[in-house]
Amino acid sequence: MVNINLVTDGRSQKTVGSGISSLFVALLVVLIVYATLFFYGKNLESKAAELKAAYDAKRNSLIIGDSKKILDFQDRLIVARESMTEERSAKQDLDKVEAAVVAGTRLNGYSYDETTKAITLDCYADNYDTVAKQILSFKSSDYFISVMAGGTKFDSKSGKINFPVILTLLR
């Protein structure tokens, strides 16, 4: 073996080249990103499971117990809206009576009969002229279909004329 040269030139040879070290760094970065995404995905899955459990609990409470209350309340709202539009309003009746009352007339009594849809008023006036004006005022109102005046009586204690009036409503 005479021809073998065992002398080295003094330079140290790199066992790992720069390309391999950059590949190792890239592999390390990929592994770190993968691990981060893996644990982040697990975290998201646990949060999604918690939200689903909370949603199911709320849904079951609505289905099992509260739905009857909600549906009952909704039915009551529907009935109330229908009755408000269909039935007469006592406030509206009083407003129309108040608008038709002339000066010098005092109301002593008010009653409403649902079957005949009539308002019965017990009125007092200073004189017969005021009585006639009051009945004419009620008759000129479009809100009342018919106006019937009862017999007049003179109240000696108050010095006023008492006359009942029956107002039949439009509806």
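Student: Why is Phe38 called partly exposed?

Tutor: Phe38 has a relative accessible area of 41%, and since buried means under 20% and exposed over 50%, with partly exposed in between (1.4 Å probe, protein chains only), Phe38 counts as partly exposed. This is a predicted model, in which local features need pLDDT of at least 70 and side-chain atom pairs count only at pLDDT 80 or more, while totals for chains, interfaces and linings use all residues. Residues are numbered from 1 along each chain as its sequence is written, and side-chain values use heavy atoms, with hydrogens and water left out.

Student: What makes Phe39 count as exposed?

Tutor: Its relative accessibility is 58%, so Phe39 counts as exposed.

Student: Why is the pair of Tyr143 and Phe144 called edge-to-face?

Tutor: Rings of Phe, Tyr and Trp (its six-membered ring) pair if their centres lie within 6.5 Å, and planes under 30 degrees apart count as stacked, over 60 as edge-to-face and the rest as tilted. The ring centres of Tyr143 and Phe144 are 5.4 Å apart and their planes stand at 85°, so the pair is edge-to-face. Tyr143 is buried at 12% relative accessibility, and Phe144 is buried at 5%.
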